Amino acid sequence: MRIPAHAVCTAIRDDIVAGVYERGGRLTEELLARRYGVSRVPVREALRTLEAEGFVVTRRHAGACVAEPTEQEAADLLEMRMLLEPLGAARAAQRRTEAHLKVLRGLVRLGQERARRGHSEDLRSLGGWFHETLAQACGSPALTSTLAQLRHKITWMYAVDAPVDPVESWAEHGGIVDAVARGDGERARAITALHTERSTAAHRLRFPGGTDRADRVRTSQHPVNMSALRH
């Protein structure tokens with residue numbers, strides 16, 4: 001069965017974010033096709049998509065390479081997130097479904113429980129699922145897609161410290177869901193803006209090669225098993 005280009009695109013993007021490919025490194029169609037067990041056609045399509053998203057650049061005499069964002073470009077991503085995540089929460093308050101609320105409430109319960117017990121290793125993934133679900137609840141495919149790209153790029157460019165007070169952080173998550181459930185868009189926007197601003201202070205810009213920058217920025221996952229996608 002032919003593996004679709006979007007699955008190949010997801011696999012390559014995940015590996016870029018995880019640091020499997022160094023920034024500035026070449027991405028040859030032949031090697032990528034061999035790695036993911038596909039033909040060069042879906043690889044070529046995937047590279048075009050990743051170039052449009054900003055993960056890949058095409059260089060003269062070198063072909064496709066992993067992008068090397070500047071510090072200013074990285075800082076812009078955090079600023080964009082601080083503007084768009086509150087907007088998404090406000091839209092979710094008007095457009096969410098009961099299914100969205102059920103998932104969000106379940107994630108908040110789990111997050112608050114893990115935070116109280118000090119299980120910090122679970123909180124990052126739970127937080128990611130929470131914000132992904134909140135973005136899906138906004139009822140705007142364009143905004144949902146933009147927020148997903150921002151999350152991928154920020155994960156790629158920044159290391160994130162654990163919250164100083166994870167219990168308070170998850171209380172903010174709970175406040176967002178309460179506002180969304182009541183249909184209070186302005187309240188949802190305000191709490192999300194505060195939450196996003198606080199979390200931004202915990203981001204540290206990575207140097208090419210994976211080490212972290214010491215000064216704060218104001219305002220791995222494993223390679224995808226492509227064989228499973230064949231079934």
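Helices in this account, at least four residues long, are DSSP runs numbered from the N terminus. The model is predicted.

**Salt bridges within a helix**

- Glu186 and Arg189 form a salt bridge in which the closest N and O atoms are 3.8 Å apart. The two residues are 3 positions apart in helix H9, and about one helical turn therefore separates them.
- Of this pair, Glu186 is exposed, its relative accessible area being 56%, while Arg189 is partly exposed at 30% relative accessibility.
- A salt bridge also joins Glu30 to Arg34, with 3.3 Å between the closest N and O atoms. Both belong to helix H2, which spans residues 29-36, and because they are 4 residues apart they are separated by about one helical turn.
- Glu30 has a relative accessibility of 49% and counts as partly exposed. Arg34, at 53%, counts as exposed, because the cut-off for that class is over 50%.

**A salt bridge between helices**

- Arg198 pairs with Glu172 in a salt bridge whose closest N and O atoms are 2.2 Å apart.

**A salt-bridge network**

- Salt bridges link Glu113, Arg114, Arg117 and Asp122 into a network.

**A buried glutamate without a salt bridge**

- Glu85 is located in helix H4, which covers residues 71-95.
- Although Glu85 is buried, it has no salt bridge. The nearest side chain of opposite charge belongs to Arg81 and is 4.5 Å away, and a salt bridge requires a side-chain nitrogen of Lys or Arg within 4 Å of a carboxyl oxygen of Asp or Glu.
- Leaving aside residues up to four places away in sequence, Glu85 touches His131, Leu147, Thr192 and Thr196.

**Ala89 in helix H4**

- Helix H4 also contains Ala89, a buried residue with a relative accessible area of 0%.
- When residues up to four places away in sequence are not counted, Ala89 touches Leu134, Val180, Ala188 and Thr192.
- The C-alpha atoms of Ala89 and Ala193 are 9.3 Å apart in space, and the two residues are 104 residues apart in sequence.

**Packing of helix H1 with helix H2**

- The axes of H1 and H2 are 11 Å apart and meet at an angle of about 100 degrees. The two helices are therefore roughly perpendicular to each other, since angles of 65 to 115 degrees fall in that class.
- On the H1 side the contact is made by Ala11, Ile12 and Asp15, and on the H2 side by Leu32, Arg35 and Tyr36.
- By class, the residues in this contact of H1 with H2 are 4 nonpolar, no polar and 2 charged.

**Packing of helix H1 with helix H7**

- Helix H1, formed by residues 5-17, packs with helix H7, formed by residues 141-157, at an angle of about 35 degrees and with 8 Å between the axes.
- Arg13, Ile16 and Val17 of H1 meet His152, Thr155 and Trp156 of H7.
- The contact of H1 with H7 comprises 3 nonpolar, 2 polar and 1 charged residues.

**Glu45 in helix H3**

- Glu45 is placed in helix H3, which runs over residues 40-53, and is partly exposed at 30% relative accessibility.
- From C-alpha to C-alpha, Glu45 and Val8 are 8.8 Å apart in space, with a sequence separation of 37 residues.

**A positive phi angle at His61**

- His61 lies in the loop between strand S1 (56-59) and strand S2 (63-66).
- The phi angle of His61 is near 70 degrees, a positive value in a residue other than glycine.
- His61 is exposed, and its relative accessible area is 78%.

Terms used. Residues numbered from 1 in each chain as written. Predicted model: local features only at pLDDT ≥ 70, side-chain atom pairs only at ≥ 80, totals over all residues. Heavy atoms only, no water. Buried < 20%, exposed > 50% of the residue type's maximum accessible area, 1.4 Å probe, protein only. Lys, Arg positive; Asp, Glu negative; His and termini not counted. Contact = heavy atoms within 4.5 Å. Axes fitted to C-alpha atoms, helices over the stretch in contact; angles between N-to-C directions. Nonpolar A, V, L, I, M, F, W, Y, C, P; charged D, E, K, R; others polar. Parallel < 35°, antiparallel > 145°, perpendicular 65-115°, else oblique.
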